[in-house]
Amino acid sequence: MTKQPTVLVTGGAGYVGSHVCKALHRSGFTPVTLDNLSTGHRQAVQWGPLEIGDVRDADFVAEAMTRHKTAAVLHFAALSLVGESAAKPYEYYDNNVGGAISLVAAMRRCGVSRIVFSSTCAIYGMPDRLPIEETEFARPINVYGRTKLAVENFLADTAATGAIRTVMLRYFNAAGADGDGNIGEAHTTETHLVPLAIQAALDPRRPLNVFGSDYPTADGTCERDYVHVEDLAEAHIQALAFLETTGGSRAYNLGTGNPVSVRQVIRAVERVLGTTVPVVEAPRRAGDPPRLFAAPGLAERDLGWVATRSDIESIVESAVRWHRSNVFSVAV
Ligand code: UFG
């Protein structure tokens, strides 16, 4: 039997990373997760080996890459809380930017050239035009977004020398959970709308704060582009295939192009659960752009990627299934 190609997945014990590991396994790869388990879950690593350690340790990463005969790298390991990033710039630059530099150093030592990077729409800040094209000027408005943009610049500059080839995937709002219910969103500190709305519906003692009802949008609440995490996972498989034949660096938006408001998310949760979501009308959250949604055409053209299960009801249904069965026992 021929051995399956091995892909190193940094942050493979995290939310998006673990769903990508499952998709890799389904597509005939062996995902090797490299994770320091600072926010990831050991129980989420189900489709390949786990190497516990830090991506900033280039010797450790290079040794793992060599031992597993790594063909390519998918890089998720990062700190990712927008609010926290303002209070901890050192930690965010060190983990996110320092981590990427150390990872690429290890790749070069091992002769591994392909890397798919987990980026974010946070690099766009307050965009001038909607829907957001990849050519939109990147002006992040928080530390988290600035660290992700710094990594994109570093990867693009390194790719320009021919040392690596990279695809950078700019996720819009990742949400939902695996259809089989064995992995899902399990952040110890939960800040995201979909899990918090579900939690509020199931526990009226924890109402949902609606951050701002006076935005210049149809119903006064912020609009976002929610993408099912399984759709995001597929894009990584397509990006890996793309990098087999294409060099340099490319960045792609991963979104649906459909803006969905906070109130529309709440209504979807209410429909799926057949109960009301108790809400508190709260002030605007600092740094929230009123509307963010992608022009997803470039990812479709180059990678063949289209979101197929990202309607808000499907996302919420999968998240509810996960919430009910959450085997990681994390309070979401
Ligand atoms: N919201 C609420 N109440 C909550 C939580 C969120 O009203 O309790 C609102 C927010 O104000 C926002 C929308 O729901 O309008 C979505 O908020 P999330 O926190 O779920 O997601 P964000 O759009 O803030 O964040 C996402 C990604 C980040 C990324 C950011 C870029 O999760 O990683 O987009 O803007 F940085």
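**Salt bridges and accessibility**

Mentor: Arg284 is partly exposed, its relative accessible area being 44% (buried means under 20%, exposed over 50%, and partly exposed in between, with a 1.4 Å probe and protein chains only). The model is predicted, so local features need pLDDT of at least 70 and side-chain atom pairs count only at pLDDT 80 or more, while totals for chains, interfaces and linings use all residues. Residues are numbered from 1 along each chain as its sequence is written, and side-chain values use heavy atoms, with hydrogens and water left out.

The side chain of Arg284 forms a salt bridge with that of Asp214, at 3.0 Å from N to O (the term requires a side-chain nitrogen of Lys or Arg within 4 Å of a carboxyl oxygen of Asp or Glu). Arg284 lies in the loop between strand E13 (279-282) and helix H9 (297-303), and Asp214 in the loop between strand E8 (208-211) and strand E9 (223-224), so the pair ties together parts 70 residues apart in sequence. Helices (H or I, at least four residues) and strands (E, at least two) are DSSP runs, numbered from the N terminus. Asp214 is exposed, with a relative accessible area of 55%, whereas Arg284 is partly exposed.

Helix H9 and strand E11 bring in another pair. The side chains of Asp302 and Arg250 meet in a salt bridge with an N to O distance of 3.5 Å. Asp302 belongs to helix H9 and Arg250 to strand E11, so this bridge links distant parts of the chain, 52 residues apart. Arg250 has a relative accessibility of 32% and counts as partly exposed.

Strand E13 itself contributes to a further pair. Glu281 and Arg263 form a salt bridge through their side chains, at 3.4 Å from N to O. Glu281 is in strand E13 and Arg263 in helix H8 (residues 262-273), so the bridge ties together parts 18 residues apart in sequence. Both partners have intermediate accessibility: Glu281 is partly exposed at 46%, and Arg263 is partly exposed at 24%.

What of covalent links between cysteines? A disulfide is a covalent bond between the sulfur atoms of two cysteines. A search of the whole structure finds zero disulfides, the criterion being a pair of cysteine sulfur atoms within 2.5 Å. Cys21 is in no disulfide, and the cysteine sulfur nearest to it, that of Cys110, is 19 Å away. Cys110 is likewise in no disulfide, with the sulfur of Cys21 as its nearest, at 19 Å. In accessibility, Cys21 is buried at 3%, whereas Cys110 is partly exposed, with a relative accessible area of 28%.

Leaving aside neighbours within four places in sequence, Ser318 is in contact (heavy atoms within 4.5 Å) with Gly176, Ala177 and His228.

To return to your request, the bridge of Arg284 and Asp214 spans 70 residues of sequence, that of Asp302 and Arg250 spans 52, and that of Glu281 and Arg263 spans 18.
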